[in-house]
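Dear colleague,

Please find the structure below. My notes on it follow.

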Amino acid sequence: MKRNLKLLSVSVLLVALSACTTINVDQVRLKDTVAFKKGDAMVVLGRHQTAEIQTEASLVSCIGGRLARGTGDVRIIPEAEFVDAFYPWFEARTAPLHPKKLRRVLDQPQVAEKIKELNIRYFVWVEGSTERTNASGSMTCSIGPGGGGCFGFGTWEDTSDYETTIWDLDTFSEVGRVSTEAVGTSYMPAFVIPIPLLAQVEGDACQGMGKQLVRFFAKDPNALKTSP
Amino acid sequence: MLDKVDLSPEHSRHMRILMLLAMVLLGGCASSVVVKPDIPNPLVKRLPLNAGLVYTDTFKNYVYLENEKKRGSLKSIDFAVAQTTMFDRVFGALTNLVDVDDPSRVLSIEPQILDFQYTAPSETKLKQYEIWIKYRLKLRDADNASVADWTIKGYGKTPTGLLTSASSAFNAATNIALRDVGAQLSTRFPRQRVVKTLLDGGVPAPIPELEEPEADEAAELAANGAEPEAGIEKSAKKSSVEEEPKDNVSEPKGPSGETETETATEANNET
(Lines give C-alpha, C1' and ligand atoms only; values in the text may rest on other atoms or scores of the structure.)
Protein backbone atom coordinates (compact mmCIF):
# COMPACT_ATOMS: atom_id res chain seq x y z
CA MET A 1 0.00 0.00 0.00
CA LYS A 2 2.84 2.32 1.01
CA ARG A 3 4.70 1.42 -2.18
CA ASN A 4 1.66 2.19 -4.34
CA LEU A 5 1.28 5.53 -2.60
CA LYS A 6 4.93 6.34 -3.35
CA LEU A 7 4.49 5.42 -7.00
CA LEU A 8 1.35 7.53 -7.21
CA SER A 9 3.13 10.50 -5.65
CA VAL A 10 6.02 10.18 -8.11
CA SER A 11 3.58 9.95 -11.05
CA VAL A 12 1.66 13.02 -9.87
CA LEU A 13 4.94 14.89 -9.41
CA LEU A 14 6.12 13.92 -12.89
CA VAL A 15 2.84 15.02 -14.48
CA ALA A 16 2.97 18.30 -12.56
CA LEU A 17 6.55 18.88 -13.64
CA SER A 18 6.12 17.65 -17.21
CA ALA A 19 7.36 19.90 -19.96
CA CYS A 20 4.84 21.77 -22.04
CA THR A 21 4.58 22.80 -25.68
CA THR A 22 3.01 25.87 -27.27
CA ILE A 23 1.43 25.23 -30.65
CA ASN A 24 0.20 27.68 -33.24
CA VAL A 25 -1.78 26.29 -36.19
CA ASP A 26 -2.86 28.35 -39.20
CA GLN A 27 -5.03 27.29 -42.09
CA VAL A 28 -5.57 28.75 -45.53
CA ARG A 29 -8.50 27.33 -47.49
CA LEU A 30 -8.30 28.05 -51.20
CA LYS A 31 -11.43 26.10 -52.10
CA ASP A 32 -14.72 26.23 -50.19
CA THR A 33 -15.42 22.52 -50.23
CA VAL A 34 -13.21 19.50 -50.57
CA ALA A 35 -15.29 16.63 -51.81
CA PHE A 36 -14.61 12.93 -51.39
CA LYS A 37 -16.20 10.02 -53.13
CA LYS A 38 -16.45 6.69 -51.36
CA GLY A 39 -13.24 4.73 -51.96
CA ASP A 40 -11.15 7.81 -52.65
CA ALA A 41 -7.59 7.71 -51.38
CA MET A 42 -5.16 10.31 -50.19
CA VAL A 43 -1.41 10.22 -49.81
CA VAL A 44 0.66 12.10 -47.24
CA LEU A 45 4.24 12.72 -48.37
CA GLY A 46 7.23 14.41 -46.81
CA ARG A 47 9.45 16.84 -48.67
CA HIS A 48 13.13 15.86 -48.98
CA GLN A 49 14.28 17.95 -51.92
CA THR A 50 17.30 19.55 -50.29
CA ALA A 51 19.82 18.43 -47.72
CA GLU A 52 18.27 20.94 -45.29
CA ILE A 53 14.65 20.00 -45.99
CA GLN A 54 14.26 16.50 -44.63
CA THR A 55 10.79 16.11 -43.20
CA GLU A 56 10.78 13.35 -40.61
CA ALA A 57 9.16 10.11 -41.78
CA SER A 58 7.76 9.65 -38.26
CA LEU A 59 5.81 12.93 -38.52
CA VAL A 60 4.49 12.09 -42.00
CA SER A 61 3.35 8.72 -40.73
CA CYS A 62 1.78 10.32 -37.63
CA ILE A 63 -0.22 12.80 -39.74
CA GLY A 64 -1.29 9.98 -42.03
CA GLY A 65 -2.52 8.02 -39.02
CA ARG A 66 -4.50 10.96 -37.66
CA LEU A 67 -6.09 11.60 -41.05
CA ALA A 68 -6.98 7.92 -41.38
CA ARG A 69 -8.70 7.96 -38.00
CA GLY A 70 -10.37 11.34 -38.54
CA THR A 71 -11.64 10.94 -42.10
CA GLY A 72 -13.29 7.55 -42.10
CA ASP A 73 -14.32 7.47 -45.79
CA VAL A 74 -10.85 8.08 -47.11
CA ARG A 75 -8.06 5.58 -47.49
CA ILE A 76 -4.61 6.88 -46.58
CA ILE A 77 -1.74 5.32 -48.52
CA PRO A 78 1.48 5.10 -46.46
CA GLU A 79 4.35 7.20 -47.77
CA ALA A 80 6.89 4.39 -48.21
CA GLU A 81 4.37 2.19 -50.03
CA PHE A 82 3.40 5.04 -52.37
CA VAL A 83 6.98 6.16 -53.14
CA ASP A 84 8.04 2.57 -53.90
CA ALA A 85 4.99 1.93 -56.08
CA PHE A 86 5.61 5.11 -58.08
CA TYR A 87 9.42 4.90 -58.24
CA PRO A 88 11.16 6.97 -59.69
CA TRP A 89 8.61 9.82 -59.85
CA PHE A 90 8.38 10.83 -56.18
CA GLU A 91 12.01 10.58 -55.10
CA ALA A 92 13.75 13.59 -53.51
CA ARG A 93 15.15 14.65 -56.88
CA THR A 94 12.11 13.98 -59.02
CA ALA A 95 9.06 14.74 -56.85
CA PRO A 96 6.93 17.54 -58.35
CA LEU A 97 7.09 20.81 -56.44
CA HIS A 98 3.95 22.32 -58.01
CA PRO A 99 0.60 20.87 -59.10
CA LYS A 100 1.42 21.72 -62.73
CA LYS A 101 4.55 19.57 -62.49
CA LEU A 102 2.40 16.78 -61.09
CA ARG A 103 0.28 16.99 -64.22
CA ARG A 104 3.47 16.44 -66.24
CA VAL A 105 4.30 13.38 -64.16
CA LEU A 106 0.82 12.08 -64.82
CA ASP A 107 1.45 12.45 -68.55
CA GLN A 108 3.29 9.17 -68.10
CA PRO A 109 0.55 6.66 -68.90
CA GLN A 110 1.81 4.10 -66.36
CA VAL A 111 1.71 6.67 -63.58
CA ALA A 112 -1.73 7.98 -64.54
CA GLU A 113 -3.07 4.44 -64.72
CA LYS A 114 -1.76 3.57 -61.27
CA ILE A 115 -3.11 6.79 -59.74
CA LYS A 116 -6.50 5.93 -61.20
CA GLU A 117 -6.26 2.35 -60.02
CA LEU A 118 -5.58 3.51 -56.46
CA ASN A 119 -8.28 6.24 -56.62
CA ILE A 120 -5.90 8.89 -55.33
CA ARG A 121 -7.69 12.22 -55.10
CA TYR A 122 -5.55 14.39 -52.80
CA PHE A 123 -1.84 14.84 -52.15
CA VAL A 124 -0.82 16.22 -48.78
CA TRP A 125 2.78 17.44 -48.79
CA VAL A 126 4.46 18.04 -45.45
CA GLU A 127 7.53 20.25 -45.32
CA GLY A 128 9.56 21.28 -42.31
CA SER A 129 11.43 19.84 -39.38
CA THR A 130 11.90 19.86 -35.63
CA GLU A 131 15.16 21.34 -34.44
CA ARG A 132 16.88 22.06 -31.16
CA THR A 133 16.97 25.83 -30.90
CA ASN A 134 18.37 26.38 -27.44
CA ALA A 135 20.12 24.37 -24.71
CA SER A 136 21.69 25.22 -21.38
CA GLY A 137 22.72 23.69 -18.05
CA SER A 138 25.23 20.99 -17.26
CA MET A 139 25.27 17.49 -15.92
CA THR A 140 28.07 15.29 -14.68
CA CYS A 141 27.88 11.54 -14.57
CA SER A 142 30.45 9.30 -12.98
CA ILE A 143 30.90 5.60 -12.45
CA GLY A 144 33.15 3.85 -9.95
CA PRO A 145 33.52 0.56 -8.12
CA GLY A 146 31.04 1.71 -5.50
CA GLY A 147 28.39 2.65 -8.07
CA GLY A 148 27.57 5.64 -10.20
CA GLY A 149 25.27 8.58 -10.61
CA CYS A 150 24.56 11.88 -12.30
CA PHE A 151 24.24 15.37 -10.85
CA GLY A 152 23.15 18.60 -12.49
CA PHE A 153 20.36 20.17 -14.46
CA GLY A 154 19.86 20.54 -18.20
CA THR A 155 17.21 22.30 -20.22
CA TRP A 156 16.65 22.63 -23.95
CA GLU A 157 14.10 24.02 -26.36
CA ASP A 158 12.84 22.30 -29.50
CA THR A 159 11.00 24.11 -32.27
CA SER A 160 8.84 22.50 -34.91
CA ASP A 161 7.97 24.39 -38.05
CA TYR A 162 5.85 22.56 -40.60
CA GLU A 163 3.68 23.47 -43.54
CA THR A 164 1.34 21.11 -45.31
CA THR A 165 0.09 21.81 -48.80
CA ILE A 166 -2.97 20.04 -50.19
CA TRP A 167 -3.26 19.35 -53.92
CA ASP A 168 -6.44 18.24 -55.65
CA LEU A 169 -5.79 15.82 -58.50
CA ASP A 170 -9.11 16.55 -60.17
CA THR A 171 -8.15 20.15 -60.86
CA PHE A 172 -4.35 19.93 -60.46
CA SER A 173 -4.47 22.85 -58.10
CA GLU A 174 -3.59 23.69 -54.54
CA VAL A 175 -6.70 23.71 -52.37
CA GLY A 176 -5.29 24.59 -48.98
CA ARG A 177 -2.41 24.99 -46.58
CA VAL A 178 -1.99 24.23 -42.91
CA SER A 179 1.05 25.52 -41.08
CA THR A 180 2.13 24.67 -37.57
CA GLU A 181 4.71 26.10 -35.26
CA ALA A 182 5.35 24.37 -31.95
CA VAL A 183 7.87 25.30 -29.29
CA GLY A 184 8.54 23.13 -26.28
CA THR A 185 11.04 23.20 -23.43
CA SER A 186 12.36 20.01 -21.89
CA TYR A 187 14.06 19.65 -18.51
CA MET A 188 16.41 17.06 -17.10
CA PRO A 189 17.19 17.38 -13.42
CA ALA A 190 19.60 14.75 -12.13
CA PHE A 191 20.16 13.76 -8.54
CA VAL A 192 21.82 10.36 -8.82
CA ILE A 193 19.24 9.38 -11.44
CA PRO A 194 18.42 11.76 -14.33
CA ILE A 195 14.70 12.47 -14.57
CA PRO A 196 13.80 13.48 -18.14
CA LEU A 197 10.79 15.79 -18.44
CA LEU A 198 10.47 15.85 -22.19
CA ALA A 199 8.33 18.09 -24.34
CA GLN A 200 6.90 16.02 -27.19
CA VAL A 201 7.23 18.83 -29.70
CA GLU A 202 7.04 16.75 -32.87
CA GLY A 203 4.15 14.71 -31.48
CA ASP A 204 2.28 17.82 -30.41
CA ALA A 205 2.87 19.43 -33.82
CA CYS A 206 1.47 16.28 -35.43
CA GLN A 207 -1.57 16.39 -33.16
CA GLY A 208 -2.24 20.06 -33.95
CA MET A 209 -1.72 19.67 -37.66
CA GLY A 210 -3.60 16.37 -37.86
CA LYS A 211 -6.62 17.86 -36.11
CA GLN A 212 -6.64 20.84 -38.44
CA LEU A 213 -6.30 18.67 -41.53
CA VAL A 214 -9.19 16.49 -40.40
CA ARG A 215 -11.23 19.68 -39.96
CA PHE A 216 -10.12 20.78 -43.44
CA PHE A 217 -11.38 17.57 -45.02
CA ALA A 218 -14.55 17.34 -42.91
CA LYS A 219 -17.81 17.72 -44.85
CA ASP A 220 -18.92 20.24 -42.25
CA PRO A 221 -15.74 21.87 -40.91
CA ASN A 222 -17.63 23.21 -37.88
CA ALA A 223 -18.76 19.77 -36.74
CA LEU A 224 -15.38 18.30 -35.90
CA LYS A 225 -15.31 14.72 -34.74
CA THR A 226 -11.79 13.57 -34.27
CA SER A 227 -9.76 11.52 -31.90
CA PRO A 228 -7.30 13.56 -29.84
CA MET B 1 49.47 -16.30 -16.22
CA LEU B 2 45.82 -16.61 -15.46
CA ASP B 3 46.61 -18.48 -12.29
CA LYS B 4 48.18 -15.35 -10.86
CA VAL B 5 45.03 -13.26 -11.28
CA ASP B 6 43.36 -12.49 -7.99
CA LEU B 7 39.69 -13.26 -8.44
CA SER B 8 38.47 -11.91 -5.15
CA PRO B 9 34.87 -10.56 -5.16
CA GLU B 10 36.25 -7.00 -5.35
CA HIS B 11 38.42 -7.80 -8.40
CA SER B 12 35.68 -9.81 -9.98
CA ARG B 13 33.43 -6.74 -9.78
CA HIS B 14 36.16 -4.61 -11.36
CA MET B 15 36.52 -7.16 -14.16
CA ARG B 16 32.79 -7.06 -14.81
CA ILE B 17 32.86 -3.25 -15.04
CA LEU B 18 35.85 -3.38 -17.40
CA MET B 19 34.12 -5.96 -19.58
CA LEU B 20 31.01 -3.78 -19.68
CA LEU B 21 33.10 -0.77 -20.70
CA ALA B 22 34.87 -2.85 -23.36
CA MET B 23 31.52 -3.95 -24.75
CA VAL B 24 30.29 -0.35 -24.89
CA LEU B 25 33.50 0.74 -26.63
CA LEU B 26 33.36 -2.15 -29.08
CA GLY B 27 29.79 -1.18 -29.92
CA GLY B 28 31.14 2.04 -31.43
CA CYS B 29 33.77 0.26 -33.56
CA ALA B 30 34.01 0.43 -37.33
CA SER B 31 31.56 -1.80 -39.12
CA SER B 32 31.73 -3.90 -42.25
CA VAL B 33 28.51 -3.42 -44.13
CA VAL B 34 26.95 -5.54 -46.84
CA VAL B 35 24.17 -3.49 -48.43
CA LYS B 36 20.92 -5.31 -49.02
CA PRO B 37 19.31 -3.95 -52.20
CA ASP B 38 16.09 -1.98 -51.70
CA ILE B 39 15.42 -0.68 -55.19
CA PRO B 40 11.87 -0.92 -56.54
CA ASN B 41 11.05 -1.71 -60.16
CA PRO B 42 10.72 1.61 -62.00
CA LEU B 43 7.26 2.55 -63.23
CA VAL B 44 8.35 3.61 -66.72
CA LYS B 45 7.48 2.90 -70.30
CA ARG B 46 9.70 0.22 -71.84
CA LEU B 47 11.42 1.48 -74.97
CA PRO B 48 11.56 -0.74 -78.07
CA LEU B 49 15.31 -1.06 -77.71
CA ASN B 50 17.38 -4.20 -77.27
CA ALA B 51 20.19 -3.37 -74.89
CA GLY B 52 22.84 -5.37 -73.08
CA LEU B 53 24.37 -4.65 -69.71
CA VAL B 54 28.09 -5.22 -69.29
CA TYR B 55 29.42 -5.69 -65.76
CA THR B 56 33.18 -5.97 -65.42
CA ASP B 57 34.64 -8.13 -62.65
CA THR B 58 35.80 -4.97 -60.84
CA PHE B 59 32.24 -3.67 -60.89
CA LYS B 60 30.64 -6.96 -59.87
CA ASN B 61 33.01 -7.38 -56.94
CA TYR B 62 33.33 -3.77 -55.84
CA VAL B 63 33.94 -3.33 -52.14
CA TYR B 64 34.89 0.00 -50.61
CA LEU B 65 37.63 -0.47 -48.04
CA GLU B 66 38.40 2.31 -45.59
CA ASN B 67 42.16 2.60 -45.20
CA GLU B 68 42.28 5.80 -43.22
CA LYS B 69 42.72 4.83 -39.61
CA LYS B 70 41.32 8.14 -38.40
CA ARG B 71 37.93 7.30 -39.89
CA GLY B 72 36.61 4.86 -37.37
CA SER B 73 32.97 4.47 -38.35
CA LEU B 74 33.34 2.24 -41.41
CA LYS B 75 35.71 -0.59 -42.19
CA SER B 76 34.25 -1.72 -45.51
CA ILE B 77 31.04 -1.47 -47.45
CA ASP B 78 30.02 -4.01 -50.04
CA PHE B 79 27.23 -2.77 -52.28
CA ALA B 80 28.13 -4.81 -55.37
CA VAL B 81 24.86 -6.74 -55.32
CA ALA B 82 22.84 -3.61 -54.57
CA GLN B 83 24.31 -1.66 -57.47
CA THR B 84 23.93 -4.47 -60.01
CA THR B 85 20.35 -4.94 -58.80
CA MET B 86 19.69 -1.24 -59.38
CA PHE B 87 21.12 -1.27 -62.93
CA ASP B 88 19.33 -4.55 -63.73
CA ARG B 89 15.99 -3.14 -62.56
CA VAL B 90 16.36 0.27 -64.18
CA PHE B 91 17.54 -0.92 -67.59
CA GLY B 92 15.30 -3.97 -67.36
CA ALA B 93 12.35 -1.58 -67.11
CA LEU B 94 13.62 0.92 -69.69
CA THR B 95 14.78 -1.51 -72.39
CA ASN B 96 14.51 -5.10 -73.52
CA LEU B 97 17.58 -6.53 -71.87
CA VAL B 98 19.36 -9.05 -74.06
CA ASP B 99 22.71 -10.78 -73.89
CA VAL B 100 25.63 -8.65 -75.04
CA ASP B 101 26.37 -11.21 -77.79
CA ASP B 102 22.77 -11.23 -79.00
CA PRO B 103 22.68 -10.13 -82.68
CA SER B 104 19.53 -8.04 -82.01
CA ARG B 105 21.37 -5.84 -79.51
CA VAL B 106 21.60 -2.21 -80.63
CA LEU B 107 23.17 -0.81 -77.49
CA SER B 108 25.43 -1.93 -74.68
CA ILE B 109 25.73 -0.14 -71.37
CA GLU B 110 28.77 -0.58 -69.18
CA PRO B 111 28.60 1.06 -65.76
CA GLN B 112 31.81 1.81 -63.97
CA ILE B 113 32.16 3.13 -60.44
CA LEU B 114 34.31 6.24 -60.28
CA ASP B 115 34.01 7.35 -56.72
CA PHE B 116 32.42 6.53 -53.41
CA GLN B 117 32.44 8.87 -50.44
CA TYR B 118 30.72 8.97 -47.10
CA THR B 119 30.43 10.95 -43.90
CA ALA B 120 29.34 9.76 -40.47
CA PRO B 121 27.92 11.77 -37.54
CA SER B 122 31.22 11.44 -35.67
CA GLU B 123 32.93 13.40 -38.46
CA THR B 124 30.37 16.08 -39.25
CA LYS B 125 28.64 16.53 -35.89
CA LEU B 126 25.38 16.21 -37.82
CA LYS B 127 22.96 13.50 -36.84
CA GLN B 128 23.08 11.82 -40.22
CA TYR B 129 25.02 9.46 -42.44
CA GLU B 130 25.69 10.60 -46.01
CA ILE B 131 26.79 8.69 -49.10
CA TRP B 132 27.93 9.94 -52.50
CA ILE B 133 28.40 7.52 -55.40
CA LYS B 134 29.68 8.49 -58.82
CA TYR B 135 29.27 6.29 -61.89
CA ARG B 136 30.45 6.44 -65.44
CA LEU B 137 28.26 4.85 -68.10
CA LYS B 138 29.85 3.85 -71.38
CA LEU B 139 27.39 3.27 -74.20
CA ARG B 140 28.35 1.34 -77.31
CA ASP B 141 26.37 0.57 -80.44
CA ALA B 142 25.82 -2.80 -82.11
CA ASP B 143 29.34 -2.66 -83.60
CA ASN B 144 30.84 -1.87 -80.20
CA ALA B 145 31.71 1.67 -81.24
CA SER B 146 31.52 4.15 -78.38
CA VAL B 147 28.46 6.41 -78.80
CA ALA B 148 28.11 8.09 -75.40
CA ASP B 149 29.97 8.51 -72.16
CA TRP B 150 28.03 9.80 -69.16
CA THR B 151 28.80 10.43 -65.54
CA ILE B 152 26.07 10.37 -62.93
CA LYS B 153 26.06 10.85 -59.18
CA GLY B 154 23.78 9.68 -56.46
CA TYR B 155 23.36 11.16 -53.02
CA GLY B 156 21.75 9.56 -50.01
CA LYS B 157 21.46 10.46 -46.39
CA THR B 158 19.75 9.00 -43.38
CA PRO B 159 19.02 10.63 -40.05
CA THR B 160 20.19 8.72 -37.00
CA GLY B 161 16.82 9.11 -35.25
CA LEU B 162 15.17 5.82 -36.13
CA LEU B 163 18.26 3.78 -36.91
CA THR B 164 19.56 1.20 -34.54
CA SER B 165 23.18 1.01 -35.72
CA ALA B 166 25.82 2.55 -37.98
CA SER B 167 25.54 -0.52 -40.16
CA SER B 168 21.81 -0.04 -40.77
CA ALA B 169 22.39 3.69 -41.37
CA PHE B 170 25.05 3.01 -44.04
CA ASN B 171 22.79 0.39 -45.58
CA ALA B 172 19.88 2.85 -45.77
CA ALA B 173 21.97 5.79 -47.04
CA THR B 174 23.58 3.65 -49.76
CA ASN B 175 20.19 2.43 -50.93
CA ILE B 176 18.91 6.02 -51.07
CA ALA B 177 21.97 7.05 -53.12
CA LEU B 178 21.42 4.10 -55.49
CA ARG B 179 17.72 4.97 -55.76
CA ASP B 180 18.81 8.50 -56.66
CA VAL B 181 21.03 7.22 -59.48
CA GLY B 182 18.23 4.93 -60.66
CA ALA B 183 15.69 7.77 -60.59
CA GLN B 184 17.89 10.01 -62.70
CA LEU B 185 18.54 7.24 -65.23
CA SER B 186 14.89 6.20 -65.40
CA THR B 187 13.59 9.70 -66.05
CA ARG B 188 16.36 10.99 -68.35
CA PHE B 189 17.48 8.01 -70.41
CA PRO B 190 14.58 8.20 -72.90
CA ARG B 191 15.33 11.90 -73.56
CA GLN B 192 18.97 11.41 -74.49
CA ARG B 193 19.97 12.09 -78.08
CA VAL B 194 21.62 8.68 -78.57
CA VAL B 195 18.49 6.91 -77.40
CA LYS B 196 16.22 9.10 -79.54
CA THR B 197 18.39 8.42 -82.60
CA LEU B 198 18.25 4.68 -82.00
CA LEU B 199 14.50 4.80 -81.48
CA ASP B 200 14.12 6.69 -84.76
CA GLY B 201 16.01 3.88 -86.48
CA GLY B 202 19.09 6.03 -87.00
CA VAL B 203 22.73 5.33 -86.29
CA PRO B 204 24.26 7.42 -83.50
CA ALA B 205 27.50 9.17 -84.36
CA PRO B 206 30.49 7.44 -82.78
CA ILE B 207 32.65 9.36 -80.35
CA PRO B 208 36.36 8.87 -79.74
CA GLU B 209 37.07 6.21 -77.13
CA LEU B 210 37.92 8.27 -74.12
CA GLU B 211 40.83 7.70 -71.85
CA GLU B 212 40.30 5.08 -69.20
CA PRO B 213 41.96 4.91 -65.84
CA GLU B 214 45.06 2.76 -65.78
CA ALA B 215 44.48 -0.74 -64.45
CA ASP B 216 46.43 0.00 -61.29
CA GLU B 217 44.60 3.28 -60.76
CA ALA B 218 41.26 1.56 -61.24
CA ALA B 219 42.19 -1.03 -58.68
CA GLU B 220 43.28 1.68 -56.27
CA LEU B 221 40.00 3.48 -56.84
CA ALA B 222 38.09 0.34 -56.02
CA ALA B 223 40.15 -0.29 -52.95
CA ASN B 224 40.37 3.20 -51.49
CA GLY B 225 37.47 5.14 -52.95
CA ALA B 226 40.04 7.68 -54.16
CA GLU B 227 39.25 10.79 -56.13
CA PRO B 228 38.70 10.09 -59.84
CA GLU B 229 41.49 10.96 -62.21
CA ALA B 230 41.31 14.19 -64.20
CA GLY B 231 41.05 12.24 -67.46
CA ILE B 232 37.79 10.72 -66.40
CA GLU B 233 36.31 14.07 -65.47
CA LYS B 234 37.42 15.42 -68.86
CA SER B 235 35.42 12.76 -70.58
CA ALA B 236 32.25 14.26 -69.15
CA LYS B 237 33.29 17.85 -69.72
CA LYS B 238 33.89 17.18 -73.41
CA SER B 239 30.22 16.34 -73.76
CA SER B 240 27.79 18.74 -75.34
CA VAL B 241 25.01 19.82 -72.99
CA GLU B 242 21.46 18.96 -73.86
CA GLU B 243 18.90 21.18 -72.15
CA GLU B 244 16.84 19.29 -69.60
CA PRO B 245 14.50 20.39 -66.84
CA LYS B 246 16.40 20.98 -63.63
CA ASP B 247 16.14 18.68 -60.64
CA ASN B 248 14.66 19.57 -57.28
CA VAL B 249 17.75 18.55 -55.43
CA SER B 250 20.47 21.00 -54.53
CA GLU B 251 22.93 18.80 -52.75
CA PRO B 252 25.71 19.76 -50.42
CA LYS B 253 29.30 19.31 -51.48
CA GLY B 254 30.77 15.89 -50.95
CA PRO B 255 33.44 15.46 -48.29
CA SER B 256 36.10 16.01 -50.97
CA GLY B 257 34.58 19.42 -51.71
CA GLU B 258 33.27 18.50 -55.14
CA THR B 259 30.04 20.26 -56.06
CA GLU B 260 27.23 17.81 -56.53
CA THR B 261 25.00 20.01 -58.69
CA GLU B 262 27.64 19.91 -61.43
CA THR B 263 26.97 16.24 -61.75
CA ALA B 264 23.27 16.64 -62.21
CA THR B 265 24.08 18.56 -65.40
CA GLU B 266 26.65 16.04 -66.46
CA ALA B 267 24.06 13.32 -66.27
CA ASN B 268 22.05 15.14 -68.92
CA ASN B 269 24.98 15.36 -71.25
CA GLU B 270 25.47 13.38 -74.31
CA THR B 271 28.48 13.24 -76.52
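Is the crossing of α2(A) and α6(A) left-handed or right-handed? The crossing is right-handed (left-handed would mean that the near helix is turned anticlockwise from the far one by less than a right angle, right-handed that it is turned clockwise). Helices (H or I, at least four residues) and strands (E, at least two) are DSSP runs, numbered from the N terminus.

This is a predicted model, in which local features need pLDDT of at least 70 and side-chain atom pairs count only at pLDDT 80 or more, while totals for chains, interfaces and linings use all residues. Residues are numbered from 1 along each chain as its sequence is written, and chains are lettered from A and ligands numbered from 1 in the order in which they are written.

Helix α2 (residues 57-70) and helix α6 (residues 201-217) of chain A pack at about 35°, with axes 9 Å apart (axes are lines fitted to C-alpha atoms, for helices over the stretch in contact; angles run from 0 to 180 degrees between N-to-C directions).

Chain A also has an open sheet of six strands with mixed pairing, in the order β1-β6-β5-β4-β2-β3 (two strands pair if DSSP finds at least two bridges between them). Because β1 (21-29) and β3 (75-77) of chain A stand at the edges with a single partner strand each, one side of each has no neighbour in the sheet. Strands β5 (residues 147-168) and β6 (residues 173-194) of chain A run antiparallel, joined by 19 bridges. W167(A) stands opposite E174(A) in β6(A).

Chain A has an average pLDDT (the predictor's confidence in each residue, from 0 to 100) of 86.

Yours sincerely
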